[in-house]
Amino acid sequence: MKEDKVLIFDTTLRDGEQTPGASLTVNEKLKIAFQLEKLGVDIIEAGFPRTSPGDLEAVKTVAKHIKKPVICGLARAIRKDIDDAYEALKKARRPRVHVFLATSRIHRMYKLRKAKDEILKAAVDAVKYARKKFPDVEFSPEDASRTEPDFLAMVVEAVIKAGATTVNIPDTVGYSVPREFGGIIRGLKETVPNIDKAVISVHCHNDLGLGVSNSLEAVLNGARQVECTINGLGERAGNASLEEIIMALQMRKDMFGALATNIRTRELYKTSKLVSKLTGIPVQPNKAIIGENAFSHEAGIHQDGVMKKRVTYEIIKPQDVGFEGNRIVLGKLSGRHAFSARLKRLGYSLLDKELDQAFVRFKALADKKREIFDEDLTTIVEGELAMIPERYTLLNFQVTSGNRMSPLASVELQEGKKKISATATGDGPVDACFKTIDKAIGLKGRLVDYKVNAVTSGKDALGEASVKIAFKDVWVVGRGSSTDVIEASVLAYVNAINRLSLRRKKLGKKGK
Ligand code: KIV
Ligand code: ZN
């Protein structure tokens, strides 16, 4: 079967940045753009240059550094917007301008106060003007899904004639439903005589939670470019999520036939994490594909099934979207089988009687604690529920930080009779402390997870920090509590290192 490409147009840096509360600096946009290039997107919409000098600068910077994908800038159907887009994109290897103008009756009447013929003329003039500056021009009839079908077809035909290379059909307010939206695309394919001269694109918002479904239905009806965002960010309820569209196309080839994209799915998780970190918008844990729970199996029956054959309850291999490691979470619903399999993976093979006793202790702990990590299991098996031998104890630490300096930490630890200390800087006060501890001990840990929770209420609330650290191939967790969250974090890190020492000792390994 001949492969048919669906182009992925990522608008995380433009529509995604319109997410309430999200805003990105030029440097942050560039970082995300590099990752999008690695992910394999075909087009990056880097911003809307006319809106601010900062956005113009961001598009310019992305255009200068990112070579593989097409770099696109948004513009209203106004000459000065197109000029600014040109200014921002003139150094791009493959520039595109994306011109938009609303066509629906609601927008014509209340927002633009223009008649159909005025809209048609403005769209054609803008596309003609844009084509003088850009070889690649995309046109969007904004609110297309609420536009009268015959007028929409008329606009699409006219802008293609004027030189548009891509025509994007937005469901601007996320109002459409899949059957209807697919019908709009099919209708345009059937009625617009020059439709084959441009790529049909779609851009679906998620107000009814249908952004991805509408995009997929459009693809089934002939759209060959999909506009989407990482983590489904975007105006109001967001845009169709890139990761969900990609994995649906990939997992359901029986439905989508030979449709393919250039996306490297193993980069999805990393991209999602980066976008979440830089925008400050967290990903909901149960988010499809990249949510923290997307590959976690809580019920005992499910865990048992996954261990017997992954496909029983897991349709996607976590590694295929870039998840690290095994995500089975042990909790109070976990069965004996999952418990024993996990112990085997940790290197313990217990006699039946020993296993019974350990399982009773595991269940008691699971009643108190929601998630049980490998280290808790190690503790259970070793019969040391509370006590981890303290090879290292924290004597004191100091950290200075501010908005115009690199945080600087110094830490002193006791190891047996010796005192060890170090000083180092880091990306934040907590990172500086962790790096200082690594330096004092001669280790290199990678922070995989870090959480701080208040365990009591009020101003003097006790903060409990938990860290998950990877020391080469060994992952350990550590916990610490204090009314000072930095101290709680330092104690958690030292606790993790003590657990690492214990683990190494048990396994007869040398080292820290
Ligand atoms: O949602 C929308 O209609 C848009 C256009 C600019 C394409 O974002
Ligand atoms: Zn939009």
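The model is predicted. I then took the extent of the C-alpha atoms along the principal axes, and they fill a box of roughly 85 × 55 × 45 Å. Of the 512 residues of the chain, 52% count as buried.

**Entry: zinc ion (ligand 2)**

I looked up which residues coordinate the zinc ion (ligand 2). The donors are Asp 15 through OD, His 203 through NE2 and His 205 through NE2, at 2.0 to 2.1 Å. I wrote their spacing in sequence as D-x187-H-x1-H. Asp 15 sits in the loop between strand S2 (7–10) and helix H1 (26–39), while His 203 belongs to strand S8 (residues 199–204), so this pair ties together parts that are 188 residues apart in sequence. I also checked burial for the two: Asp 15 is buried, and His 203 is buried as well.

**Entry: ligand 1**

I listed the residues around ligand 1 next. They are Arg 14, Asp 15, Leu 74, His 98, Phe 100, Ser 140, Glu 142, Asn 168, Pro 170, Thr 172, His 203 and His 205.

For Thr 172 the distance is 2.6 Å. For Arg 14 it is 2.9 Å, and for Asp 15 it is 3.1 Å.

**Entry: helix H8**

Is helix H8 (residues 211–220) largely enclosed or open? I found 7 of its 10 residues buried, so the helix is largely enclosed by the rest of the structure. The buried residues in H8 are Gly 211, Val 212, Asn 214, Ser 215, Leu 216, Ala 218 and Val 219. After H8 comes Gly 222, with a positive phi near 120°.

**Entry: cavity**

I searched for cavities of 30 Å³ or more and the count came to 1. The volume of the largest cavity is about 30 Å³. I recorded its lining as Phe 373, Asp 449, Tyr 450, Lys 451, Ser 466, Val 467 and Lys 468. Strand S14 (446–454) and strand S15 (463–471) are the elements that give two or more residues to this lining. Sorted by class, the lining has 3 nonpolar, 1 polar and 3 charged residues.

I took one distance from the lining residue Asp 449 to a loop residue, Arg 252. Arg 252 and Asp 449 are 197 residues apart in sequence and 32 Å apart in space, C-alpha to C-alpha. Arg 252 lies in the loop between helix H9 (242–251) and helix H10 (253–256). With a relative accessible area of 39%, Arg 252 is partly exposed.

Most residues other than glycine have a negative phi. I made a note of two residues with a positive value.

Arg 113 has a phi near 50°. Arg 113 is in the loop between helix H4 (105–112) and helix H5 (116–133). Its relative accessibility is 68%, so Arg 113 counts as exposed.

Asn 231 has a phi of about 65°, also positive. Asn 231 is in the loop between strand S9 (225–228) and H9. Is Asn 231 buried or exposed? Its relative accessibility is 12%, so Asn 231 counts as buried.

Terms used:
Residues are numbered from 1 along each chain as its sequence is written. Chains are lettered from A and ligands numbered from 1 in the order in which they are written. This is a predicted model: local features need pLDDT of at least 70, side-chain atom pairs count only at pLDDT 80 or more; totals for chains, interfaces and linings use all residues. Side-chain values use heavy atoms; hydrogens and water are left out. Donors are N, O and S atoms within 2.8 Å of the metal (3.2 Å for Na, K and Ca); water is not among the atoms, so sites may look incomplete. Helices (H or I, at least four residues) and strands (E, at least two) are DSSP runs, numbered from the N terminus. Buried means under 20% relative accessible area, exposed over 50%, partly exposed in between (1.4 Å probe, protein chains only). On a 1 Å grid over the protein atoms alone, a cavity is a set of points where a 1.4 Å probe fits but cannot get out, and a pocket is an open set with protein on both sides within 12 Å along at least five of seven lines; lining residues have an atom within 4 Å of a point. Grid points are joined across faces, edges and corners, and a volume is the space filled by probe spheres set on the points. Ala, Val, Leu, Ile, Met, Phe, Trp, Tyr, Cys and Pro count as nonpolar, Asp, Glu, Lys and Arg as charged, and the others, Gly among them, as polar. A residue is near a molecule or strand if one of its heavy atoms lies within 4 Å of it. A polar contact is a pair of N or O atoms within 3.5 Å; within protein, one must be able to donate a hydrogen and the other to accept it, and residues adjacent in sequence count only if both atoms are side-chain atoms.
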